[in-house]
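This report describes a model through its chains, its helices and a few individual residues. The sequence and the structure are shown first.

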Amino acid sequence: MITDVVIPPAAVLIFGALILPLLSARLRAFFLLVLPLVTLYFVWQVPDGTALKATYLGYELALVRGDALSRLFATVFAIMAFAGGLYALNQNRTAELVAAFCYAGSAIGVVFAGDLLTVFIFWELMAIASTLVVWSAGPSARGAGLRYAAIHLLGGVLLMAGLVGEIAGTGSIAFTKFTLDSVPRGLILAGFLINAGAWPLSSWLPDAYPESSWSGMVFLSAFTTKTAVYVLLRGFPGTEILIYVGLFMVFYGIIYAILENDMRRILAYSIVNQVGFMVTGIGLGTEMALNGAAAHAFTHIIYKALLLMSAGSVLYMTGKRKCTDLGGLFRTMPLTTICGIVGALSISSFPLTSGFVSKSMISEAAGIQQLAVVWYLLAAASAGVFLHAGIKFPWFVFFQKDSGMRPPDPPWNMRAAMVLFAALCIGIGVLPGPLYALLPYPVDFVPYTGSHVVFYLQLLLFSGLAFFLMLNWLKRTLTITLDVDWLYRRLGLAAAPSFDRFAETAWTGVVAATNRGADGFLRVIQRHHSPAGILARTWQTGTMAFWTTIMLAAYLVLSYL
Amino acid sequence: MDDHWLVRESTIKKLWVAFAVVLIATVLMDLVVAHHPYFGLDGTFGFGAWFGFVSCAAMVIVAKALGLFLKRPDTYYDN
């Protein structure tokens with residue numbers, strides 16, 4: 001029956017992406033806009049339960065398995081691919097667009113994967129495609145892309161090791177909820193957390209993303225970390241350690257973003273910060289917390305992409321990315337400024353924006369569970385988000401001082417993508433009902449109570465006051481802040497020459513020892529087999545007869561024993 | 001150059017006044033809105049206001065202190 005045939009939504013984007021380079025510019029633009037919409041249609045055709053199976057190496061793979069959580073993530077991924085495609089219509093590096101759409105498709109592949117092997121396949125496809133997105137920016141991104149790939153391949157190795165252990169131990173490849181009670185499951189969790197940007201292996205994110213092109217980072221911000229949030233939601237809900245991992249990410253992101261000068265690196269650190277809120281929610285594990293984490297992933301993809309579109313427009317129009325070089329752009333880039341501010345208010349969960357209706361659900365869950373420390377830390381972090389992203393980004397980029405630059409707003413397609421996402425940020429914030437209807441559990445939460453609204457307004461506005469009063473301390477300098485990647489970028493590099501010397505000495509030793517061993521062996525052979533050797537000399541017949549008699553006698557004696 | 005009305009001295013002064021009024025208004029809202037505190041401290045008058053301000057100040061100070069040790073020129077990794 002035709003109705004039983006399920007088209008894997010991931011396949012539409014991935015195979016569609018591969019034909020992009022073959023098309024004319026006009027047709028390519030058409031496909032960039034249509035492919036994500038077709039994908040979105042197929043996302044909503046996936047029924048509940050396993051819809052597409054395949055057998056591989058004796059395992060039954062569930063290539064497509066649908067439920068509310070899968071559909072929620074796949075929906076926002078498809079919307080993101082559409083807005084990203086629209087924003088990137090004037091990106092003339094086709095390779096980046098191909099990689100970006102394969103990347104989006106693989107992310108959709110992960111969220112519909114019903115078994116661990118399928119998850120792994122799409123997981124690695126995502127790593128490859130996203131590395132290509134970074135590399136598409138040109139030679140300046142080569143090093144960062146390589147470091148990015150190395151960390152993600154390491155994550156892939158951990159995941160594979162955990163997966164093999166899990167399958168060997170339980171005999172099942174099903175991707176369901178795990179309790180953290182074995183080493184393989186710990187490895188799977190570690191592999192997931194690397195992609196989530198959890199500390200200590202988080203610096204790949206602020207290292208590589210800001211090196212991608214003006215459009216590349218818009219795609220990059222959406223898929224890797226949020227796919228990690230999805231697999232954590234599916235595999236490890238209620239795992240207590242995630243509360244602490246998440247809270248650490250939240251504050252790490254804020255502190256590093258406060259110190260940062262590169263506008264897109266500020267936003268990169270704030271991705272870690274925001275994913276921290278989601279990871280904390282997953283650790284809390286109640287239905288409200290999990291709903292909050294899922295909803296926050298959905299809204300985050302939209303407002304973070306909006307922020308990066310706004311930053312990308314500035315980069316596209318001015319070629320500058322440091323706060324110290326920027327400022328005063330509101331005069332000639334009003335639309336970019338307004339859209340950037342809408343994104344900034346949303347990330348800060350200002351009432352009437354999308355962040356408010358999702359993040360406050362996580363805090364509320366912590367309050368209901370009577371976890372005082374978690375609740376207070378989340379409240380402090382919410383204030384910190386306004387500080388490091390909500391005001392800092394628009395202030396330093398669009399206001400601050402007059403940089404003297406007078407660039408106009410970007411081309412129409414980039415403006416259209418920003419307006420679309422700004423409208424979604426406000427739309428979801430004003431009418432959260434449709435988003436709540438998509439969440440995995442029934443929603444028992446009212447965001448707009450007088451108490452909530454007043455509390456958040458106080459929290460955020462007084463953060464704003466702190467920002468302007470402490471502005472002198474927040475002045476940007478031409479600096480970076482060392483992170484864990486220093487270990488492999490500097491310490492490792494410094495250790496390399498001595499390692500080189502050590503390796504050379506060791507190698508010389510091994511070669512010499514092998515030579516000596518071979519020489520000795522040859523000498524033994526020569527002693528026995530050379531013309532003068534013991535085995536090569538002429539034997540007398542008498543001696544032969546004597547030894548033969550001895551052997552036969554020994555045989556006779558042995559056979560009687 | 002700085003001829004835009006938004007960056008004029010007088011406008012900025014007005015913005016500060018408006019901001020102060022809004023800040024005071026949000027705190028005074030605590031008198032009319034009933035909060036449902038989970039713990040205790042979160043029910044104090046103007047909790048969101050002072051807690052937001054204090055935690056932001058603390059985060060800026062921590063960042064500043066950390067920066068003393070971890071800041072490097074942004075050409076650090078270039079060579």
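## Chain B: order of elements and spread

From the N terminus on, the secondary-structure elements of chain B follow the order α-α-β. The radius of gyration of this chain is 20 Å, whereas the globule rule gives 12 Å for 79 residues, so chain B is more spread out than a compact globule. The model discussed here is a predicted one. Along the principal axes, the C-alpha atoms of chain B fill a box of roughly 60 × 45 × 15 Å.

## Chain B: surface and charge

Of the 79 residues of chain B, 28% count as buried. The chain exposes about 5,200 Å², and carbon and sulfur atoms supply 72% of that area.

The charged side chains of chain B comprise 6 positive and 7 negative ones. The centres of these two sets lie 6 Å apart.

## Chain A: overall composition

Chain A contains 21 helices and three strands. Its C-alpha atoms fill a box of roughly 115 × 60 × 60 Å, taken along the principal axes. Buried residues account for 58% of the 561 residues in chain A.

## Helix H20 of chain A

Helix H20 of chain A covers residues 486-529, which is 44 residues. At 1.5 Å a residue, a helix of this length should span 64 Å; the end C-alpha atoms of H20 are 60 Å apart, which agrees with that expectation. H20(A) also has a kink of about 40°, and the kink is centred on A:Gly492.

A:Arg516 is a residue of helix H20 of chain A. Is A:Arg516 buried or exposed? Its relative accessibility is 58%, and because the cut-off for exposed is over 50%, A:Arg516 counts as exposed. A:Arg516 and A:Lys359 are 157 residues apart in sequence, and their C-alpha atoms are 70 Å apart in space.

## Two further helical positions in chain A

A:Arg264 is found in helix H11 of chain A, which comprises residues 263-284. With a relative accessible area of 1%, A:Arg264 is buried, since buried means under 20%. A:Arg264 and A:Phe393 are 129 residues apart along the chain, and their C-alpha atoms are separated by 9.0 Å.

A:Gly433 lies in helix H17 of chain A, residues 433-438. Its relative accessible area is 40%, and A:Gly433 is therefore partly exposed.

## Backbone exceptions in chain A

Most residues other than glycine have a negative phi, and most peptide bonds are trans. The positions below are set against that background.

A:Leu57 is not a glycine, yet its phi is positive, at about 50°. This residue lies in the loop between strand E1 (49-56) and strand E2 (59-66) of chain A. At 67% relative accessibility, A:Leu57 counts as exposed. A:Gln400, also not a glycine, has a positive phi of about 55°. A:Gln400 is placed in the loop between helix H15 (372-398) and helix H16 (412-430) of chain A. How exposed is A:Gln400, and what is its relative accessibility? The value is 29%, and A:Gln400 counts as partly exposed.

Which two residues does a cis peptide bond join? They are A:Trp199 and A:Pro200, and omega is about 5° for this bond. A:Pro200 is found in the loop between helix H7 (183-196) and helix H8 (204-208) of chain A.

How values were computed: Residues are numbered from 1 along each chain as its sequence is written. Chains are lettered from A and ligands numbered from 1 in the order in which they are written. This is a predicted model: local features need pLDDT of at least 70, side-chain atom pairs count only at pLDDT 80 or more; totals for chains, interfaces and linings use all residues. Side-chain values use heavy atoms; hydrogens and water are left out. Helices (H or I, at least four residues) and strands (E, at least two) are DSSP runs, numbered from the N terminus. The expected span of a helix is 1.5 Å times one less than its number of residues. The bend at a residue is the angle between axes fitted to the seven residues ending there and the seven starting there. The radius of gyration is taken over C-alpha atoms; the globule rule is 2.2 Å times the number of residues to the power 0.38. Buried means under 20% relative accessible area, exposed over 50%, partly exposed in between (1.4 Å probe, protein chains only). Accessible areas come from the Shrake-Rupley method with a 1.4 Å probe; for residues, only the protein chains shown count as cover. Lys and Arg count as positive and Asp and Glu as negative; His and the chain ends are not counted. The place of a charge is taken as NZ of Lys, CZ of Arg, CG of Asp or CD of Glu.
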